[in-house]
Amino acid sequence: MEEVPEDCPGTGSAQAGRGASCQGCPNQRLCASGAGAARDPAIEEIKEKMKTVKHKILVLSGKGGVGKSTFSAHLAHGLAEDENTQVHQSGSGWSPVYVEDNLGVMSVGFLLGSPDDAVIWRGPKKNGLIKQFLRDVDWGEVEYLIVDTPPGTSDEHLSVVQYLSAARIDGAVIVTTPQEVSLQDVRKEINFCHKVKLPVIGVVENMSGFVCPKCKKESQIFPPTTGGAEAMCQDLKIPLLGKVPLDPQIGKNCDKGQSFFIEAPDSPATLAYRSIIQRIQEFCNLHHSKEESLIGS
């Protein structure tokens, strides 16, 4: 995982990519190009495009394999159950792939010749595609845009934050597992959010224990030797949105392209997801209300 320098001036600073602490940082060129992004005409174009998207949420993780993409998919499914969430297509831009009437998806996977193709791209090409996904996709009138990001703090994360800077991001949901090796990377991810002034909605502890469906005994597959996400959140003074236990049904439903919420409505994991999604909605609605108040004043 690439680390943010301790004295990082932040992507919005005039010294972005130019300060002494930026020397040797893998993201130096991207930041410098842009004190960088503020002069990129795509920023204003994306701002205009995103006017029809009410809430923008990034899903982050410091470490790979913690279930971030699975959480992103379930978050989108849960939000799409809200009857007020509507998607209206027009004839402009790329059209998302609709898995439900009000749930559209855009992925680099749709642009590959084969599902087995590897994406071997350098930073500029990846950043260019991120720009296209934000500027050229016809998202229509939607309540939520969920951005599933790669692990770590790399060019892709800086690009998303910079390109959406004028459109206002509600915040980031950070996914971790209970063990210390994951929490170490998550602390760096939280530090990244602070550096780029990205609000942290909260942390989700995924794979938090396993309850045997037969004997009902709970086992800690990933023991929280240092207190898990709960202790970390208390230490860093950020919200713990909830804990999602392991459930084999999640993997089965994902493989079949089915909604876990519909197939396993009484699972402890479903109940945990629904509670977490409700807290995210409350955060976003409060954030939106504050912005409207500021604009009104």
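Modeller: First, the naming: helices (H or I, at least four residues) and strands (E, at least two) are DSSP runs, numbered from the N terminus. With those names, Lys 237 sits in the loop between α7 and β8. Keep in mind that this is a predicted model.

Colleague: OK, Lys 237 then. Is it buried or exposed?

Modeller: Lys 237 is exposed, because its relative accessible area is 74% and the cut-off for exposed is over 50%.

Colleague: And what is phi of Lys 237?

Modeller: Near 60°, which is a positive value in a residue other than glycine. Met 207 is another non-glycine residue with a positive phi, about 55°.

Colleague: Where is Met 207, in a strand or in a loop?

Modeller: Met 207 is part of strand β6, residues 200-211. Its relative accessible area is 17%, so Met 207 is buried; the limit for that is under 20%.

Colleague: Which residues lie nearest its centre?

Modeller: Val 105, Met 106, Ser 107, Ile 146 and Asp 148, out of 45 residues that line the largest pocket. Several elements give two or more residues to that lining: α3 (68-80), β2, β3 (103-105), α4 (123-135), β4 (142-148), α5 (155-163) and α8 (248-256).

Colleague: Which one gives the largest share?

Modeller: Helix α3, with ten residues of the lining.

Colleague: And how does the lining of the largest pocket split by class?

Modeller: There are 27 nonpolar residues, 13 polar ones and five charged ones in the lining.

Colleague: Now the outside. Which residues form the nonpolar patch on the surface?

Modeller: Trp 94, Val 97, Val 99, Val 105, Phe 110 and Leu 111. Together these six residues have about 480 Å² of accessible area. Val 105 also belongs to the group nearest the centre of the largest pocket.

Colleague: Pick one of the patch residues. Where is Val 97?

Modeller: Val 97 lies in strand β2, which covers residues 97-100. With a relative accessible area of 37%, Val 97 is partly exposed. Residues in a patch need over 30% relative accessible area.

Colleague: Next topic, salt bridges. How many are there in the whole structure?

Modeller: A search finds nine. One of them is between the side chains of Arg 274 and Glu 81, at 2.7 Å from N to O.

Colleague: Which parts of the chain does that pair link?

Modeller: Distant ones: Arg 274 is in helix α10 (residues 268-296) and Glu 81 is in the loop between α3 and β2, 193 residues apart. Arg 274 is partly exposed at 36% relative accessibility, and Glu 81 is partly exposed at 38%.

Colleague: What about Lys 243, what does it pair with?

Modeller: Glu 230, and the closest N and O atoms are 3.1 Å apart.

Colleague: Which residues are linked in a network?

Modeller: Glu 45, Arg 135 and Asp 136 are linked in a network of salt bridges. Within that group, the side chains of Asp 136 and Arg 135 meet at 3.1 Å, N to O. Asp 136 is partly exposed at 23% relative accessibility, and Arg 135 is partly exposed at 26%.

Methods. Residues numbered from 1 in each chain as written. Predicted model: local features only at pLDDT ≥ 70, side-chain atom pairs only at ≥ 80, totals over all residues. Heavy atoms only, no water. Patch = residues over 30% accessible without salt bridge, like charges linked within 9 Å, V, L, I, M, F, W, Y side chains within 5 Å. Areas by Shrake-Rupley, 256 points an atom, 1.4 Å probe, with all protein chains shown as cover. Salt bridge = Lys/Arg side-chain N within 4 Å of Asp/Glu carboxyl O. Buried < 20%, exposed > 50% of the residue type's maximum accessible area, 1.4 Å probe, protein only. 1 Å grid on protein atoms, 1.4 Å probe; cavity = no way out; pocket = protein on both sides within 12 Å on 5 of 7 lines; lining within 4 Å. Nonpolar A, V, L, I, M, F, W, Y, C, P; charged D, E, K, R; others polar.
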